[in-house]
Amino acid sequence: MIEVERSSGNVYEDIGVENPEEMLLKAQLVGRIQQIIADRGWKQQEAARVIGMSQPKLSNMLRGHFHGITEFKMMEYLRLLGCDVQIVVGPSHLPEAGRLGVVMA
């Protein structure tokens with residue numbers, strides 16, 4: 001019989017990655033960047049030129065290698081791709097520290 005474990009909803013937390021909420025947030029931002037590039041039919045070179053990074057670095061980021069790229073920088077890339085980016089801070093309903101999250105409109 002195969003043992004099954006229920007997901008927390010964050011794969012990074014499930015596999016024990018350090019700072020799982022930060023990693024999930026980055027993955028969601030990168031997913032949106034990737035979607036914009038695909039929707040526009042751009043090659044990575046064109047997208048890299050628009051956001052001001054090298055094509056190899058963009059390729060790495062799109063493949064999930066984004067440890068050295070901050071969330072703020074990713075939000076700047078989204079802005080350069082024509083997105084409005086807003087940060088909303090509100091009270092937490094949790095007894096411990098609040099949570100990080102992203103909502104795509």
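1. In this predicted model, the buried residues of H2 are Met 23, Leu 25, Lys 26, Leu 29, Val 30, Ile 33, Ile 36 and Ile 37. They lie on the same side of H2, because the arc they cover around the axis is only 160°. An α-helix has 3.6 residues a turn, so residues three or four places apart point the same way.

2. The length of H2 (residues 20-40) is consistent: at 1.5 Å a residue its 21 residues should span 30 Å, and the end C-alpha atoms are 30 Å apart.

3. Cover for the buried residues of H2 includes helix H1 (11-14), helix H3 (44-51), helix H4 (55-62) and H5. On the face turned away from the buried side, H2 carries the exposed residues Ala 38 and Asp 39.

4. Glu 71 belongs to helix H5 (residues 71-80). Leaving aside residues up to four places away in sequence, Glu 71 touches Glu 22, Leu 25, Lys 26 and Leu 29. Glu 71 is buried but has no salt bridge.

5. Two backbone angles should be noted. Asn 19, in the loop between H1 and H2, has a positive phi near 55° although it is not a glycine. Most residues other than glycine have a negative phi. Asn 19 is partly exposed, at a relative accessible area of 42%. After H2 comes Gly 41, with a positive phi near 70°.

Methods
Residues are numbered from 1 along each chain as its sequence is written. This is a predicted model: local features need pLDDT of at least 70, side-chain atom pairs count only at pLDDT 80 or more; totals for chains, interfaces and linings use all residues. Side-chain values use heavy atoms; hydrogens and water are left out. Helices (H or I, at least four residues) and strands (E, at least two) are DSSP runs, numbered from the N terminus. Buried means under 20% relative accessible area, exposed over 50%, partly exposed in between (1.4 Å probe, protein chains only). Lys and Arg count as positive and Asp and Glu as negative; His and the chain ends are not counted. A salt bridge is a side-chain nitrogen of Lys or Arg within 4 Å of a carboxyl oxygen of Asp or Glu. Contact means heavy atoms within 4.5 Å. The expected span of a helix is 1.5 Å times one less than its number of residues. The arc is that of the directions from the helix axis to the C-beta atoms.
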